[in-house]
Amino acid sequence: MSEQEEHIKGFLNSSTYDQLSANQQKHAQNILTRFNKYMTEEHQLDDTAWTPQAVQQVMVGQFIADPALTNSFGIAVSPVLKAYQKFLGNKQLGAIENAIDDQRPMMNKCRKAHQTLAEMNGQPEKKASIAKKTVAKTATQKGQKTTSEEVQQPSAPAKLIPAGKMKQEISRIKKEVATAPEFKGKDLSIADQQYLVVEFLQLMYQECHQGLNQWRFNDLQLVLGMMMPLDPNITKLEILNIVPTAQALFDYLKRTDQIDMEQYRVALKSIAYMQTSQNMLASMERRQRTTQLMLSYIQSQGVDTDDVKKTEKWMDAHQSEVATFMRSILSPWGEYERQQLHKRQQASQQQVPVEKDRQLLRKKRAPQGIKFSKKRRKRRKK
């Protein structure tokens, strides 16, 4: 028995455990076993060394991603975690309790989102429809709404710099990222931060036709919150650090007078509430990220996505705008999507049973192969 298993066993026989409700006691062992597992795997921390930041990240990660987890499980998580840490006497108990309380609403949203994904993806007849209807909206807004009109690609500004010059600007900024103080001491390596910076600048120019000092609020959210997390090559760690890297970039550009104060203000506003949704997206595979962004968009239209039938009905009634939105967020990754479609088509064709000719099924004498050819060569030599 490991040390953490001994801790759980001790907790289950303690007076602290006895103070929990019947529902909390029912789920306590499962909650703690799962949470310790992911805390160890994702942060290399045992149960006596939890930190507030690590606790919040685990709460919205794989720990809560199982669609089989029930509502009663979700309700029990926070009180069980707090009681367990109190039992262990964690020195940061107060900060951890606050972190758990703050993250609880987002954790429950994540759990419901995973359940909805499983319900919708579990119906084969709906998969093709969902693929066509997938749309996106950042799950980052607090009191903000994004409509389909807001994500239409803007027309090119009159003073948009030429592509060649923009390429030079991006190359220069990439080099300066390596030495700029704003990018020091981050969770990502300099190379990974350069990757995100270059991708952001390229997408703003390529997809939204905007250079430095031309960024618009809605397009910043479109690129940072929707397009970049769907990059087929992006890692989960990079998704978690899109917002910190963008913040560092904006600070660097403002310090070096490459953007003015108004542009800086708009840029910061665009990422103000984005981190929680990025945490959720980082816990998913790419296909699930796309579907989750769709659900967030549908929720912004006043639809209760917990009701699968209502969600499907709304999607059927708004196919055109859904398809438009889908094209907009997947536009940069069109070649990848085409390759995936081709693979699916090939797999589908290979699964079609082929009726074999009865004549081909009869037993045949195995060919002699190379031995036969050697005999032929000997005859010819004679």
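Predicted model: local features only at pLDDT ≥ 70, side-chain atom pairs only at ≥ 80, totals over all residues.
Colleague: How many residues apart are Lys-37 and Glu-41, and in which helix do they lie?

Modeller: Both belong to helix α3, and because they are four residues apart there, about one helical turn separates them.

Colleague: How many salt bridges does a search of the whole structure find, and which parts of the chain does the pair Lys-82 and Asp-101 link?

Modeller: The search finds seven salt bridges. In one of them the side chains of Lys-82 and Asp-101 meet at 2.9 Å, N to O. This pair links distant parts of the chain, since Lys-82 sits in helix α5 (residues 71-88) and Asp-101 in helix α6 (residues 93-121), 19 residues apart. Lys-82 is partly exposed at a relative accessible area of 22%, and Asp-101 is likewise classed as partly exposed, at 30%.

Colleague: Where do Lys-236 and Glu-285 lie, and how many residues apart are they?

Modeller: Lys-236 and Glu-285 form a salt bridge whose closest N and O atoms are 3.2 Å apart. The two partners, 49 residues apart, again join distant parts of the chain, with Lys-236 in helix α11 (residues 236-240) and Glu-285 in the loop between α14 (275-282) and α15 (286-300). Lys-236 is partly exposed at 33% relative accessibility, and Glu-285 falls in the partly exposed class at 48%. Elsewhere, salt bridges that share partners bring Glu-169, Arg-172 and Glu-176 into one network.

Colleague: Which residues form the negative surface patch?

Modeller: A patch takes in residues with over 30% relative accessible area and no salt bridge, like charges being joined within 9 Å. Here the negative patch consists of Glu-3, Glu-5, Glu-6 and Asp-46. Glu-3 belongs to helix α1 (residues 3-12), and because its relative accessible area is 53%, it is classed as exposed.

Colleague: Turning to the backbone, what is phi of Gln-44, and where does Gln-44 lie?

Modeller: Gln-44 has phi near 55 degrees, a positive value in a residue other than glycine. Gln-44 is placed in the loop between α3 (22-43) and α4 (52-59), and at 59% relative accessibility it counts as exposed. Asn-213 is another non-glycine residue with positive phi, about 70 degrees, and its place is the loop between α9 (190-206) and α10 (217-227). Asn-213 is partly exposed, however, at 37% relative accessibility.

Colleague: How far apart in sequence and in space are Pro-244 and Gln-193?

Modeller: They are 51 residues apart in sequence, while their C-alpha atoms are 9.5 Å apart in space. Pro-244 is part of helix α12 (residues 242-255) and counts as partly exposed at 27% relative accessibility.

Colleague: How many helices and strands are there in the protein, and what percentage of its residues count as buried?

Modeller: The protein has 20 helices and zero strands, and 43% of its 382 residues count as buried. Among contacts between residues at least 6 apart in sequence, 75% join residues at least 24 apart. The protein exposes about 21,000 Å², of which carbon and sulfur atoms supply 50%.

Key
Residues numbered from 1 in each chain as written. Heavy atoms only, no water. Patch = residues over 30% accessible without salt bridge, like charges linked within 9 Å, V, L, I, M, F, W, Y side chains within 5 Å. Areas by Shrake-Rupley, 256 points an atom, 1.4 Å probe, with all protein chains shown as cover. Salt bridge = Lys/Arg side-chain N within 4 Å of Asp/Glu carboxyl O. Lys, Arg positive; Asp, Glu negative; His and termini not counted. Charge placed at Lys NZ, Arg CZ, Asp CG, Glu CD. Helix = DSSP H or I, 4+ residues; strand = E, 2+ residues; numbered from the N terminus. Buried < 20%, exposed > 50% of the residue type's maximum accessible area, 1.4 Å probe, protein only. Contact = heavy atoms within 4.5 Å.
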